[in-house]
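Visitor: Hi, could you walk me through this model? I'd like to ask as we go.

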Amino acid sequence: MSRSSYVRRRAAAWVAALVVAGACTAGVDRMVGPGSVADAPSLVVVSAPSSGVVISQVYGGGGNSGSTYKNDFVELYNGTASDVSVEGWTVQYTSSAGTSWSATTLHGTIGSGRYYLVQESAGTGGTTALPTPDAAGGITMSATSGKVALVSNGTALSGACPLNVNSAIVDFVGFGSSANCFEGGAPTPTIANATATFRADSGRQDSNDNAVDFTAPRAAMPRNTSSPALPPKSVLAAVISPAAPVAVVGQAIAFTASATKSGADVPVTGAAWTSSDARVATIDAASGAATTVGTGSTTIGVTVTTAQGTVSATTTLSVAAAPASIAIAPLTWSLKPGDTRQFSATLADASGNPTTSLVSWTSTNPSVATVDATGRVTGVSYGYAFIVARTANGIADTARVDGSDIIVQARPDALPVGFQTQLFLQSRKNVDRNGNAVGNAGVTWSSSNDEIVSVEATTGVVTAKKAGSAIITALATSDGISSASTVIRSAIPALSPNARVGHNTELGAPRDADPSDDHIIARRQYTLSYNPDRGGPNWVSWNLDATHKGSAARCNCFTADTAVTRLGFRAWNTAEWVNGGTWSRGHMSPSADWADSDGDNAPTYFLSNMLPQNQTMNAGAWGDLENKLRVLATGSTEIYIVAGGIFTKDRSGPGVDGFGFMNSTGRIAVPDSVWKVAIVVPDGRPASGITSASDVQVIAVKMPNDSTAGGSYDRYVTTVESIQRSTGYDLLAAVAENVQCRIESRNCAPTARIGGGGLAGGDEGEALSFTAAASSDPEGDALSYEWTVGGATVGSGPALSYAFPDDGTWTVRLVVTDPSGAADTTSAAVSIANVPPALGGFAGAVLLRGERYTATGSFADPGADRWSATVDYGDGSGANGLSLAGKSFALGHDYDAAGSFTVTVRVADDDGGVATSTAAVVVQTPLEGVQNIANMLSSLGLGGMDAATVRGSPAAANNGELNSLRAKVNAASAALRRGDATPAAGSLGAFINELGAMVRSGRVSESAAAPIVDYTQRVIASTNG
């Protein structure tokens, strides 16, 4: 309809409306809710001046989430019988209530019945580029609502609604319900990321009323000057249906042809069909039945015969590979009755490449939700329905739609198998069908497939068990109908082959005096000591370097640690960490330290790797240090890190260490401070290669677990030794002590060394020499010494002389101590040989038969041994035990037979050392004794004297007296030879008596006679025996 006729018919109304419109423009932008405008004036507008070129399609969702095309665009159509030059024209755009316009300049000519594509800005999403545009600009358009004008010059429009005051406007479209300027009575319907607004009759309908001329939104379909022409209504034209179809290989398509002129159908009397590329599709020339046989595109042509003449038309048939998969999005959604949501389907062939196909949409429960041919779903009532998208070759995917006003937070990425997450309702007003508020505690959770993904009914804690997916549904307990769902995908996460691992405790596994609460869990990513009494780690140790960096996303899969369960303890899950927002689940080994792969990132979310941390501290000083260390982890730099908490005894009251337990449940203890030690090794050398404190950089922090610990970590720098004193753990045990002490900033202990010749060993009892001269102190302090042997202190100086009391291997221990009390201990094993006893001689004897032999003896032995002794008296009685008194002994034995005997004494120590000594014992008969008495008479001093000498000796016996004595001795001898003992004894007795008389008479001295008398009495005793 021309502008002049339109004006003549409605002139009076327009004039009044324009006055109102001009007066009320300032009120257009007052917003009262998302996507709505309040108090906008009721703008009654005239149409744009007619050139026959119109805006045929508008699309603003390019590059948005869920879109197919990457760019926004505006499409034009020339509905005249002549070509129209658009050189210097512009397409201009502003927002739904905007007043400032952006322009894209056009060039060239639009042929009769042809389309013209104006490309605008691109977003970050979308999968498909537009066909080659005929003009390109950079305007960013709204995906839902705005205003577009086709202007016959390059002058920028101004104002909210310039339509009625600018004669250069060729066509104007207000799209979306919030547009405040439009042709006719209302704007077009609202569009979305995947849909466009289309002018009816493929662009040919133009009644100058946007609401009437534009159809319901559907999937965008950009067309350019190379697209098949659509003849204007005033020209006899052939029309092919379907127009520009998209098919898959193996699909049958029935083409039909019709003819029109001036908007009226013209009967067709004949049609001849062709396909330009039989490799893509063949077509029956008479019937128009086509079969797709290969991928690509072909031009389908038809020549129709009518009573008014013959006319031809073409369309493009695009053929893609048959879909092997279809993915519907979103997979779940909640819709209140009356709400709508555009669903999309992404197709891929067997190789995973994108492909296209006609997709049919159906709802399993239209009473809850309906779906149109484009995938737009409309909520009808409460309950749930499944939306099915199916390709032409029967491949289908399903989405769940919950008819409710409840929404579950979605998880966009796959949950790693073996890990957990907790689902919640979205932070909004969730209500059931009766309007009752529904909170997280008011729903029951369920899974469509517990074998893939399970969920705890009351907490919403989800566990991925196998790779796959499951729909997790939250059902309101208040009405038992209102529900919301989300899809949880699960996958086995991949590990990076390049990450350097296996060095978690390179500098030593921390240890303290009480290992009973250190339950070690060693993983590829870290090693930790789990404390079941506190429900968390004592410490966590790991390494960090450049190979741990990457683009892996945070898993956000806070999980009860199955390793804790395997240790026999209860593993707390994320629901049991809920604490009202005071405490964060504070990583010890951070997620970002393991960004090399999903497989390495996920284990950092085991809750055994976490301590409750104040949120300010966690995001403040603690996070600052984490970031600092990752910055340092470049090149060959290796960083060895250990972290944990401090639970100060009775910190929060008697018997309440640290900050007690989270939620006062006795499950998860809260430290009052947290600590971290990082040893930065620039050249990545191992612990054994760290020989100086200058080889490393030390960063040690201890910070309060409260809201004061924001900002930089620098305020909380301390020493390793301070942390070790607070925790009781030795953190760097694998580093050499003389280096470790300097790294830890503490007094360095001395080094004890034992030297000296005594190390070569010796004999028991031998004094051996040892020296501590090789001992040293790193600071040069004077040392004190303590020597011990067998646990007993034996010296306190730098040298030791010591005689080992027994043979064997003895441990000589040296303790050296510096003035600060730091000490070192060393020991040496010394071999001591046994020394056998040394037995001294003992006396033999000459005895008479029947007399007792006695003697004493002793032996020497430097060792503290145990000894045993035997004696053999040589008379056939054999060796018998000999009692010892210390190292002395006494011998005694009665000899009943005469003869010569050897007495043998043997002394042995407990180590096999033996000493032997002998003595001779002669046992004589009584006859020999009598002969001895005869020989003893010479002791009386008479033998050898002449008579004069004898007579001159006052005490000497004379010869007659001596002969008398000899006669008695001879008589005894003769009796004994005869075997007559008694007469012999009698003769000897007479001998004694006579000798006694001589003593009494003074002729023989008593001293000279006594030995003879004593011996004679022994002979008498032997004779009588």
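Predicted model: local features only at pLDDT ≥ 70, side-chain atom pairs only at ≥ 80, totals over all residues.

Visitor: Great. What radius of gyration does the protein have?

Guide: The protein has 60 Å, while a compact globule of 1025 residues would have a value near 31 Å. The radius is taken over C-alpha atoms, and the globule rule is 2.2 Å times the number of residues to the power 0.38. Along the principal axes, the C-alpha atoms fill a box of roughly 205 × 65 × 55 Å.

Visitor: And how much of the protein counts as buried?

Guide: 47% of the 1025 residues. Buried means under 20% relative accessible area, exposed over 50%, and partly exposed in between (1.4 Å probe, protein chains only).

Visitor: How many helices and strands are there?

Guide: Twelve helices and 64 strands. Both are DSSP runs numbered from the N terminus: helices are H or I with at least four residues, strands are E with at least two.

Visitor: How do β9 and β10 run?

Guide: They run parallel, with two bridges joining β10 to β9 (residues 115-122). Val118 stands opposite Ala135 in β10.

Visitor: Switching to charges: how many salt bridges does the structure hold?

Guide: It holds 28. The criterion is a side-chain nitrogen of Lys or Arg within 4 Å of a carboxyl oxygen of Asp or Glu.

Visitor: Which residue does Glu851 meet in a salt bridge?

Guide: Arg1018, at 2.4 Å from N to O. The pair links distant parts of the chain, 167 residues apart: Glu851 is in the loop between β58 (845-848) and β59 (852-860), and Arg1018 is in helix α12 (residues 1006-1024). Glu851 counts as buried because its relative accessibility is 16%, while Arg1018, at 30%, is partly exposed.

Visitor: What about Arg433, which side chain does it meet?

Guide: Asp479, in a salt bridge of 4.0 Å, N to O. Arg433 lies in the loop between β36 and β37 and Asp479 in the loop between β40 (468-476) and β41 (483-491), so the pair ties together parts 46 residues apart in sequence. Arg433 is partly exposed at 42% relative accessibility, and Asp479 is buried at 14%.

Visitor: Which residues are linked in a network of salt bridges?

Guide: Glu721, Arg725, Glu737, Glu744 and Arg746 are linked that way.

Visitor: Last topic. Is Ser608 buried or exposed?

Guide: Ser608 counts as buried because its relative accessibility is 3%. Its place is in the loop between α4 (598-601) and β46 (610-614).

Visitor: Which residues does Ser608 touch?

Guide: Leaving out residues up to four places away in sequence, Ser608 touches Arg523, Leu528, Tyr530, Pro537, Asp561 and Val564. Contact here means heavy atoms within 4.5 Å.

Definitions and conventions:
Residues numbered from 1 in each chain as written. Heavy atoms only, no water. Pairing = 2+ DSSP bridges.
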